[in-house]
Amino acid sequence: MAVNIHIVEEPRWGATAADLLAGCLKAKPDALVSFPTGHTPLPFYAELAGRAAADAAPFRRLRAVMLDDYLGATALPSNFYRWLRRELFDAIGLDDSRLLRIPSEPDGIEQACSDFERALAAQGGCDLQFLGLGGNGHIGFNDPGADAATRTRVVELAPETARANAEYWTNGYVPTRAVTQGIGTILAAKRICLLVRGPAKADMLRRALHGPIGAEVPASFLQQAPELTVIADLAAAARL
Ligand code: PGA
């Protein structure tokens, strides 16, 4: 594995991630890029929004794919598709024709997950997969227990994951199931960039990069990625 670790503080943190994407788009203007939700990537998305406002040209052919979403929350304002549209896609002018959405309707979901995997492969596979790191070591919604062979599927959320996401929800709605790219799906990306910020992630980042590889810490499978870039702030990198 080739690992490239950048330890940088904001505003360099977001700019470093944006530079990585810019380099990818320079080499391949219609690159297929996977974007996560969460607090972590917000400075990165704000940086992309600023760059796109100054010059939209580099983003015109970018294609995007979703990493995960809640199951059956399609109509709710807090589903991940709407979140990404609000925080990123509208700002960089990415319309739905260039987005591969992960399925989130319960009806026919198994078939839809297989169709998603096929569509991802048919589009040439993911060129650059950005990921956040869960406090319990999850990547996407692959909570502890998910192994390297998993593909896009419905998962039950670990209680801590549901809790960590509770602020996204209103009206007392608590999601229990989600759809996520599997670890095998994620590892098939040509390049992976793990985005990490804050002291709460420091121990998990160390375990992900230097601990034993296994389903107990799903992010540890990133040690098997062909090309991994980590962009961490000082607090997140404190235990490396
Ligand atoms: P966070 O979530 O960025 O909101 O901490 C990361 C994740 O759970 O993947």
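This is a predicted model: local features need pLDDT of at least 70, side-chain atom pairs count only at pLDDT 80 or more; totals for chains, interfaces and linings use all residues.
Phe130 shows how parts of the chain that are separated in sequence come together here: leaving aside residues up to four places away in sequence, Phe130 touches Ala17, Leu20, Leu21, Val33, Ser34, Phe35, Pro36, Phe44, Cys193 and Leu195.

For H1 and helix H2, which covers residues 42–54, the angle is about 60° and the axes are 8 Å apart. The two helices are therefore oblique to each other, and their crossing is right-handed. On the H1 side the contact is made by Trp13, Gly14, Ala15, Ala17, Ala18, Asp19, Leu21 and Ala22, which meet Pro43, Phe44, Glu47, Leu48 and Arg51 on the H2 side.

Pro11 sits in the loop between strand E1, residues 2–7, and H1. Most peptide bonds are trans, whereas the bond from Glu10 to Pro11 is cis, with omega near 5°. Thr40, in turn, lies in the loop between strand E2, residues 32–35, and H2. With a relative accessible area of 10%, Thr40 is buried, because buried means under 20%. Apart from residues up to four places away in sequence, Thr40 touches Trp13, Leu195, Val196, Arg197 and Lys201.

The cysteines come next. How many disulfides does the model contain? The count comes to zero, and the spacing of the sulfur atoms shows why for Cys113: its closest cysteine sulfur, in Cys126, is 17 Å away, which is too far for a bond when the cut-off is 2.5 Å. Cys193 is likewise in no disulfide, the nearest cysteine sulfur being that of Cys24, at 11 Å. Both residues can also be placed by their accessibility: Cys113 counts as buried at 5% relative accessibility, and Cys193 is buried with a relative accessible area of 0%.

Two further loop residues complete the walk. Pro218 lies in the loop between helix H7, residues 202–210, and strand E10, residues 227–232, and at 0% relative accessibility Pro218 counts as buried. Its contacts, not counting residues up to four places away in sequence, are Asn136, Gly137, His138, Ile139, Asn142, Asp143, Pro144 and Ile183. Pro218 and Phe116, which are 102 residues apart in sequence, are 22 Å apart in space from C-alpha to C-alpha.

Asp96 is found in the loop between helix H3, residues 80–89, and strand E5, residues 99–100. Is Asp96 buried or partly exposed? At 42% relative accessibility, Asp96 counts as partly exposed. Leaving out residues up to four places away in sequence, Asp96 touches Tyr81 and Arg85. Between Asp96 and Arg63 there are 33 residues of separation in sequence, with a C-alpha to C-alpha distance of 9.4 Å in space.

Key
Residues are numbered from 1 along each chain as its sequence is written. Side-chain values use heavy atoms; hydrogens and water are left out. Buried means under 20% relative accessible area, exposed over 50%, partly exposed in between (1.4 Å probe, protein chains only). Contact means heavy atoms within 4.5 Å. Axes are lines fitted to C-alpha atoms, for helices over the stretch in contact, and angles run from 0 to 180 degrees between N-to-C directions. Helices (H or I, at least four residues) and strands (E, at least two) are DSSP runs, numbered from the N terminus. Angles under 35 degrees count as roughly parallel, over 145 as roughly antiparallel, 65 to 115 as roughly perpendicular and the rest as oblique. A crossing is left-handed if the near helix is turned anticlockwise from the far one by less than a right angle, and right-handed if clockwise.
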